[in-house]
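Got your viewer open and your selection tool ready? Load the model below, and we'll walk through it stop by stop.

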Amino acid sequence: MTLYDAVGGRPTFALIAKTFYEGIASDEVLLPMYGGGDLAPATERLQLFLEQYWGGPRDYEELRGHPRLRMRHMAYSINRDARERWLRHMRAALDAAVEAKLVAPLYEAELWDYLERAATSLMNTNG
Ligand code: HEM
């Protein structure tokens with residue numbers, strides 16, 4: 001059984017991506033990085049990426065090709081503040097999934113550990 005299945009599959013990742021982007025929508029530092037337009041396409045990309053990473057359907061790859069996250073994030077200045085903000089919104093998103101009883105503590109810890117490390121790996125400036 002994959003983590004994707006263990007946490008309830010697509011509806012859980014949809015909730016996480018939706019809650020995360022609600023946070024982005026009110027973040028004065030991160031929001032401008034998203035171009036100021038409709039956040040729905042970005043919400044879908046994050047959802048599909050996370051689904052695929054955790055063993056779910058490979059829709060992300062079909063839509064976007066290889067993730068190459070480090071390369072795709074080079075267009076943005078990701079310093080410590082940006083990382084912390086990103087993780088704060090992701091924390092709220094995971095909390096929502098835990099509160100909805102979709103994600104059990106064991107999986108919550110596994111998801112969070114990955115997200116923290118991934119966010120660190122995408123930092124590309126000290127400025
Ligand atoms: C560390 C702070 C981070 C910042 C400031 C940041 C910012 C951004 C921005 C501005 C975009 C463009 C939105 C779009 O058009 O999709 C983006 C895309 C994306 N980010 Fe991040 N990101 C961060 C961390 C992460 C992490 C940790 C992950 C994965 C665990 C991630 C996964 C993605 C994915 C999958 C996309 C869409 C890539 C594509 O297919 O084009 N990001 N990010």
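Which of the 20 residues around the ligand come nearest? Select Met33, Ala42, Phe49, Trp86 and Ala118: those are the ones. A residue counts as near a molecule or strand here if its C-beta atom, placed from the backbone, lies within 6 Å of it.

Before moving on, two bits of housekeeping. Numbering starts from 1 along each chain, following its sequence as written. This is a predicted model, so local features need pLDDT of at least 70 and side-chain atom pairs count only at pLDDT 80 or more, while totals for chains, interfaces and linings use all residues.

**Stop 1: the ligand shell**

Keep the ligand in view and colour α3 (40–53), α5 (69–72), α6 (80–99) and α7 (105–121); each supplies at least two residues of the shell. Helices (H or I, at least four residues) and strands (E, at least two) are DSSP runs, numbered from the N terminus. The biggest giver is α3, with four residues. Now colour by class: the shell around the ligand shows 15 nonpolar, one polar and four charged residues. In this scheme Ala, Val, Leu, Ile, Met, Phe, Trp, Tyr, Cys and Pro are nonpolar, Asp, Glu, Lys and Arg are charged, and the others, Gly among them, are polar.

**Stop 2: α2 against α3**

Next, select helix α2 (residues 10–25) along with α3. They pack at an angle of about 135°, their axes 9 Å apart, and that makes α2 oblique to α3. Axes are lines fitted to C-alpha atoms, for helices over the stretch in contact, with angles from 0 to 180 degrees between N-to-C directions. Under 35 degrees counts as roughly parallel, over 145 as roughly antiparallel, 65 to 115 as roughly perpendicular, and the rest as oblique.

To see the contact, show the residues involved: on α2, Arg10, Phe13, Ala14, Ile16, Ala17, Lys18, Phe20 and Tyr21, and on α3, Ala42, Thr43, Leu46, Gln47, Leu50 and Glu51. Two residues are in contact if their C-beta atoms, placed from the backbone, lie within 7 Å. By class, the contact of α2 with α3 has nine nonpolar, two polar and three charged residues.

**Stop 3: α6 against α7**

Show Arg83, Trp86, Leu87, Met90, Leu94 and Val98 of α6 with Glu108, Leu111, Trp112, Leu115, Glu116, Ala119 and Thr120 of α7, and you have the contact. Those residues of α6 and α7 divide into nine nonpolar, one polar and three charged.

Now click on Lys101, in the loop between α6 and α7. Lys101 has a positive phi of about 60° although it is not a glycine. Lys101 counts as exposed because it has 8 C-beta neighbours inside 10 Å. The cut-offs are 20 or more other C-beta atoms within 10 Å of a residue's own for buried, 12 or fewer for exposed, and partly exposed in between, with C-beta atoms placed from the backbone.

**Stop 4: Arg68 and Met71**

Go to the loop between α4 (59–64) and α5 and pick Arg68. Here is another non-glycine with a positive phi, about 40°. Then select Met71, in helix α5.

**Last stop: Thr2**

Finish at Thr2, in the segment before α1 (3–6). Leaving out residues up to four places away in sequence, Thr2 touches Trp54, Gly55 and Gly56.
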